Every structure is written in C-alpha cells, then in structure tokens.
Amino acid sequence: MATIEPALRRGRLCFAEARPTVQFIFLLRFLTGTALCASVAGDDGHLGRTVWGAAAWVMMIFAVYLFNGVMDVPEDRLNGSRRPIVRGDLPPGFAGAVAIGAALLSLAAGFALSPLMGGMLAVVLTLGYLYSGPPFPLKRSSGGTVLSGGVATLLTYYGGAFSYASEIRHSLMLVVFVLAASLWTALVGSTTKDLPDIEGDARAGRMTFAVMHGERVLRLTICCTAIGLALAFAATVLLLKLPLWPSALAMAGGALVITVLCFKGRRREPYGAFMATQYALHGLAILPLLLI
C-alpha cells in the first residue's frame, strides 16, 4: 500500500497536468462527429467501435497535453501557472514517461481498430510533438498554434465519424459544423488563450500575434473574429436550412460575451467564455440527434 499510494497520487497529478477540461472537450468533439455521422449512417454504425475509438483518442489527447506540460515549464512559471509540474508536485521525467506510454497505447488501440484510425492518431500525435517539442516548436508562433489546433480539431470529428461507421460518410450538416467549430477553435481559442499570457510569452521568446501586435490589437482581432465566425455560421445554417440553429445561437451568444469581456479589459475570462461556448456548441449539436 505504501508504494501504491504515491503512484496513484502521481497518476492523478498527471491527469490534472493534462488539463481535464481540454480532454473533455476533445471527447465531445469526437462524439459530435459520431452523432453527425449517425444521422446519415443510421443503424449501420457500431457503438462498440465508437467506444474503442473514443478511448484511444482521449488517451492520445492525454499524452499530447501531458507532454505539453513537460515542455511548457519555463513559460508556465513566467505566466504564473499552478499546474502540478510547475508547483514541483510532479517530476517532469515521470510525466514524460507516462506521456510516452499513453501515446504508444493510443496508437496500438487505433491501429487495432483500423489503419486509417491509427494514421489519424499518429498525425495528431506528431502535431502534438511539433507544437511543443524541439527543435522548432510550433507554439512559438500564432500561425503554428492555429495550424496544430485546427488540424487536431478537424481530425477529431472525423475520427468520431469513422469509428462509428467504419468509413467517413459526409453530409452537408457534418461538413458545415466541422468547418465552423474547427475555425472557432483555431482562431478564437488560440487568441483568447494568449490574452492573459502576453508578458510571459514575450519573456519566453514566443513570437505570437499578441506579442508582435500588442494587447489592444489582439482584443480587437478576437472580437471581430468571434462575431464574424458566428454570423457566417448562422447565415449558412439559415440558408441551407440545417438543423444546427441551436449551435449557431450558442456560438453567437459566446461571441457576444467574449466581445463584452474584451471591451471590459478582462484577460482570463474571454478564454473561459470560449470554452463554455464549446460545451454548448457541441452539446446542442448532439442532443437533438439523440432525441430523433
């Protein structure tokens, strides 16, 4: 028992370091891809494959974000983070070993499901390494953050769709939602996340949009991007008569809240509003399909 308890504690700390809220939103994205595919494939899908695929995907996201925590220690210290590695409660070497183990397990599970699923997992894992790891981490520029976040988000939806139907059955509803939600994550998520970390990122040598152009321009960019995407999503849903209007309203409401918070000079709250919008956006896409 004396040796088990420290191991369990470290396991819990690894889970906390890998940001449970982010893991959960990736699971929601995966399940949204499943739900939107099921609206086309109907009973041709397989829930057992979906559960297996979701477990492999979440394990992969856990590995990516735990590795990010190991590699982000200097920036996290400058930005005042209180995650376990920065606090000194979780040894980076142990966390790195767990991340490698989780990555290998996710790949094994993915390739056991199908070569395509394993390939998608490998792509996101590679992006996760390129984002945080040497020699030229993508996290040092806003373009790299947008690229890695957008591709990982898009593949998550299609991973969920493929797991259910053993193929990717496109529908207009799937394409519109995936495009809108991926752009929301890549453009609004990356910019709101940078807002409270401008000074720390500058001292760490990151050349993000916020560092290069300043806080005022960043806030204006966040507001214009969020409102523009929300209006474009709503207009597309109305013109094509897609049953995605609850999600469109959620994005519009989120864009409004983010804009108000930015004009009030808040720093951390816009990212919180972005994440809350993510939960509503996906939940309102899944729920109507479950009730059909």
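Select V211 to begin: at 27% relative accessibility, V211 counts as partly exposed. Buried means under 20% relative accessible area, exposed over 50%, and partly exposed in between, with a 1.4 Å probe and protein chains only. V211 sits in helix 11, residues 209-213. Helices here are DSSP runs of H or I with at least four residues, and strands are E runs of at least two, numbered from the N terminus.

Some ground rules before moving on. This is a predicted model, where local features need pLDDT of at least 70, side-chain atom pairs count only at pLDDT 80 or more, and totals for chains, interfaces and linings use all residues. Residues are numbered from 1 along each chain as its sequence is written, and side-chain values use heavy atoms, with hydrogens and water left out.

**Stop 1: the annotated spans**

Check two of the spans. Residues 92-110 are 100% helix and 0% strand, with end C-alpha atoms 27 Å apart. Residues 244-263 are 95% helix and 0% strand, and their end C-alpha atoms lie 29 Å apart.

**Stop 2: helix 6**

Select residues 92-113, which form helix 6. The expected span of a helix is 1.5 Å times one less than its number of residues. Show the buried residues of helix 6: A95, G96, A99, A102, A103, S106, A109, G110 and L113. Seen down the axis of helix 6, its buried residues fall within an arc of 155 degrees, so they line one face of the helix. The arc is that of the directions from the helix axis to the C-beta atoms. An α-helix has 3.6 residues a turn, so residues three or four places apart point the same way. Turn to the other side of helix 6, where G93, I100, L104, L105 and A112 are exposed.

**Stop 3**

Which residues of helix 7 are buried? They are M117, G118, M120, L121, V124, L125, L127, G128, Y131 and S132. The 18 residues of helix 7 should span 26 Å at 1.5 Å a residue, and the end C-alpha atoms are 26 Å apart, which agrees. Next, go to P135, in the loop between helix 7 and helix 8. The peptide bond from P134 to P135 is cis, with omega near 5 degrees.

**Stop 3: the largest pocket**

A pocket is an open set of points on a 1 Å grid over the protein atoms alone, with protein on both sides within 12 Å along at least five of seven lines; a cavity is a set where a 1.4 Å probe fits but cannot get out, and lining residues have an atom within 4 Å of a point. Grid points are joined across faces, edges and corners, and a volume is the space filled by probe spheres set on the points.

The largest pocket holds about 970 Å³ of space. It has 42 lining residues, and the closest to its centre are R19, V22, Y65, K193 and Y271. Helix 9 gives the most to this lining, with six residues. The lining of the largest pocket divides into 15 nonpolar, 15 polar and twelve charged residues. Ala, Val, Leu, Ile, Met, Phe, Trp, Tyr, Cys and Pro count as nonpolar, Asp, Glu, Lys and Arg as charged, and the others, Gly among them, as polar.

Stay on R19, in the loop between helix 1 (4-17) and helix 2. R19 counts as buried, at 14% relative accessibility. Its phi is near 60 degrees, a positive value in a residue other than glycine.

**Stop 4: the largest cavity**

Select S142, V146, S190, T191, D194, F209 and L218, which line the largest cavity. About 30 Å³ of space lies in it. Helix 9 gives the most to the lining of this cavity, with three residues.

**Stop 5: two last residues**

K241 lies in the loop between helix 12 (215-240) and helix 13 (245-263). K241 counts as exposed, at 75% relative accessibility. The phi of K241 is near 55 degrees, again positive in a residue other than glycine.

Finish on L66, in helix 3. L66 counts as buried, at 0% relative accessibility. From L66 to F15 the C-alpha distance is 7.9 Å, and the two are 51 residues apart in sequence.
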